[in-house]
Amino acid sequence: MITAPETSLLKKYDVPVPRYTSYPTVPCWNVNDFSAKPWIQAVEKVFDETNDSQGISLYIHLPFCESLCTYCACNTRITKNHAVEERYLRSVLTEWELYRYIFGKKPQLRELHLGGGTPTFFSPQNLHTLLHTILDSCTLHPQREFSFEGHPNNTTAEHLQTLYNLGFRRVSYGVQDLDLTVQTAIHRIQPFVNVETAVQNSRGIGYDSIGFDLIYGLPYQTVETIAETFRQVIQLRPDRIAFYSYAHVPWLKPGQRGYEDANLPNDATKRLLYETGRRLLHAAGYHDIGMDHFSLESDALYRAAQEGSLHRNFMGYTTSHTQLLVGLGASSISDAGYAYAQNSKSVEEYEAAVAGHHLPLLKGHLQTDEDRLLRRCILEIACQGKLGGALLAQALDEGIALGLRELEMDGIVEFREDELWVTENGRAFIRNVCYVFDKRMRRQQSGMTPVFSRAI
């Protein structure tokens with residue numbers, strides 16, 4: 001039986017912890033000592049090893065938005081000038097050609113995701129031109145999954161039909177919160193009827209998975225308002241829900257200076273907001289999936305979790321597992337198994353680099369053997385809620401042992417024979433369990449910077 005975590009545990013473990021869409025996490029990557037050559041070698045190696053058997057994943061970052069949502073910490077460009085569309089998409093296609101040259105043969109596309117920004121800022125016609133060109137250059141995997149992020153206010157039936165015709169079957173809508181006072185504060189006013197219309201259009205066209213993104217910890221949120229938001233959300237019965245914590249970083253995102261710290265829920269209330277939403281989702285038939293995610297039993301995400309095939313990458317939780325994820329567009333992140341890379345965040349710098357036929361790399365990281373081991377541990381915990389004894393034995397050191405002992409005492413993890421399991425009541429703390437295996441973060445905090453052998 002799942003019970004609400006004790007207040008003392010919520011307070012103890014309510015600390016800033018990464019979401020672990022990578023290991024090491026992006027702040028540990030190198031800006032000054034990272035070049036294109038080893039990155040290209042990593043891409044070539046993993047493509048040759050896995051394209052035929054698994055295929056590749058492709059993420060396309062479309063950063064433009066017509067207005068600034070002040071909660072957002074993503075890399076965006078605010079403009080109402082839609083003349084920027086065609087130039088930017090030409091740059092994306094040029095970058096794709098650079099990667100196709102590296103591959104040396106036709107890639108097999110298994111996973112495709114459009115993120116932002118606001119992908120539906122772009123016209124259906126321009127999206128069709130971009131995607132048709134890319135899809136025509138690939139072999140399509142028989143179990144492919146194509147998805148995109150939609151804004152309820154501007155995702156039209158034409159957008160939905162155009163993308164559906166190209167093979168998209170999953171859409172995720174940024175709902176965030178349905179209370180007008182909260183929406184006004186975060187500069188994202190979208191009436192419930194707009195969300196309802198977007199859902200009805202999606203289902204009518206034939207999308208088989210509809211997701212909502214929601215956020216807790218926003219200005220002016222209360223337990224009562226978050227409960228009302230979830231009551232309305234549950235009426236629409238999305239197949240999956242991501243329920244994220246708001247990160248207040250006004251020194252990085254000046255748009256967040258539009259409200260004061262005093263307008264934000266305190267730490268105890270913020271955690272109660274999450275537990276309120278989680279309780280209502282459980283009561284409505286949703287299940288915890290890894291960290292921050294919930295889904296109905298009918299959704300592929302739930303089935304993947306049950307079958308042990310759930311995967312996590314920079315697109316979040318996914319039912320497809322490929323070793324190569326290529327990110328196209330400004331600020332996009334790529335994962336080649338042996339290395340990570342991130343593109344330039346500035347649209348202008350990105351476009352200038354690809355115009356000169358250079359990969360627009362900003363920073364990256366070459367994986368050590370230890371990095372790859374710890375990544376496997378963190379992925380298994382984040383996706384399966386457990387860790388096999390063989391991996392645990394390889395990764396174990398004094399710091400991990402001490403951390404796990406404390407988690408065990410608090411009822412967050414337990415040992416079954418030689419395996420580590422996250423308990424049902426520990427699911428709310430999966431990030432904290434992953435954090436125990438973050439040796440790089442521990443060394444960074446202690447000032448240690450050891451050197452290990454490279455994985456390639």
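Residues are numbered from 1 along each chain as its sequence is written, and side-chain values use heavy atoms, with hydrogens and water left out. Because the model is predicted, local features need pLDDT of at least 70 and side-chain atom pairs count only at pLDDT 80 or more, whereas totals for chains, interfaces and linings use all residues.

Helices (H or I, at least four residues) and strands (E, at least two) are DSSP runs, numbered from the N terminus. The expected span of a helix is 1.5 Å times one less than its number of residues.

Helix 2 (residues 36-50) has 15 residues, and its first and last C-alpha atoms are 21 Å apart, close to the 21 Å expected at 1.5 Å a residue. Its buried residues (buried means under 20% relative accessible area, exposed over 50%, partly exposed in between, with a 1.4 Å probe and protein chains only) are P38, W39, A42, V43, V46, F47 and T50. Viewed down the axis of helix 2, these residues fall within an arc of 165°, so they line one face of the helix; the arc is that of the directions from the helix axis to the C-beta atoms. An α-helix has 3.6 residues a turn, so residues three or four places apart point the same way. K37 and D48, on the other side of helix 2, are exposed. The buried residues of helix 2 pack against strand 1 (56-62), helix 3 (84-103), strand 14 (333-335), strand 15 (339-343) and strand 16 (361-366), where contact means heavy atoms within 4.5 Å.

Helix 4 has 13 residues, which should span 18 Å at 1.5 Å a residue, and its end C-alpha atoms are 18 Å apart, in agreement. The buried residues of helix 4 are P124, N126, L127, L130, L131, I134 and L135. Seen down the axis of helix 4, they fall within an arc of 165° and so line one face of the helix. They pack against strand 1, helix 3, strand 4 (108-116), strand 5 (139-150), helix 5 (157-165) and strand 13 (325-328).

## Packing of helix 3 with helix 4

Two packed helices are described by the angle between their axes and the distance between the axes. Axes are lines fitted to C-alpha atoms, for helices over the stretch in contact, and angles run from 0 to 180 degrees between N-to-C directions. Helix 3 and helix 4 (residues 124-136) pack at an angle of about 10°, with their axes 10 Å apart. Helix 3 is therefore roughly parallel to helix 4; angles under 35 degrees count as roughly parallel, over 145 as roughly antiparallel, 65 to 115 as roughly perpendicular and the rest as oblique. Helix 3 contributes E85, E86, L89, V92, L93 and W96 to the contact, and helix 4 contributes N126, L130, T133 and I134. These residues divide into six nonpolar, two polar and two charged, where Ala, Val, Leu, Ile, Met, Phe, Trp, Tyr, Cys and Pro count as nonpolar, Asp, Glu, Lys and Arg as charged, and the others, Gly among them, as polar.

## Individual buried residues

L58 lies in strand 1 and is buried, with a relative accessible area of 0%. Leaving aside neighbours within four places in sequence, L58 is in contact with W96, L109, E111, L112, H113, I134, M315, L325, V326 and L328. L58 and F146 are 88 residues apart along the chain, and their C-alpha atoms are separated by 9.5 Å.

P219 belongs to the loop between strand 7 (209-216) and helix 8 (223-236). P219 counts as buried at 0% relative accessibility. Beyond its neighbours within four places in sequence, P219 is in contact with V182, A185, I186, Y259, N263 and L264.

L359, in the loop between helix 11 (347-355) and strand 16, counts as buried at 15% relative accessibility. Its contacts, apart from neighbours within four places in sequence, are W39, I40, L98, Y99 and I102.

## Backbone geometry

Most residues other than glycine have a negative phi, and most peptide bonds are trans.

| Site | Feature | Value |
|---|---|---|
| Y23 and P24 | cis peptide bond | omega about -5° |
| G116 to G117 | cis peptide bond | omega near 10° |
| H187 | positive phi, not glycine | phi near 60° |
| S331 | positive phi, not glycine | phi about 70° |

P24 is in the loop between helix 1 (7-13) and helix 2, and G117 in the loop between strand 4 and helix 4. H187 lies in the loop between helix 6 (180-186) and helix 7 (192-205) and counts as partly exposed at 45% relative accessibility. S331, in the loop between strand 13 and strand 14, is buried, with a relative accessible area of 10%.
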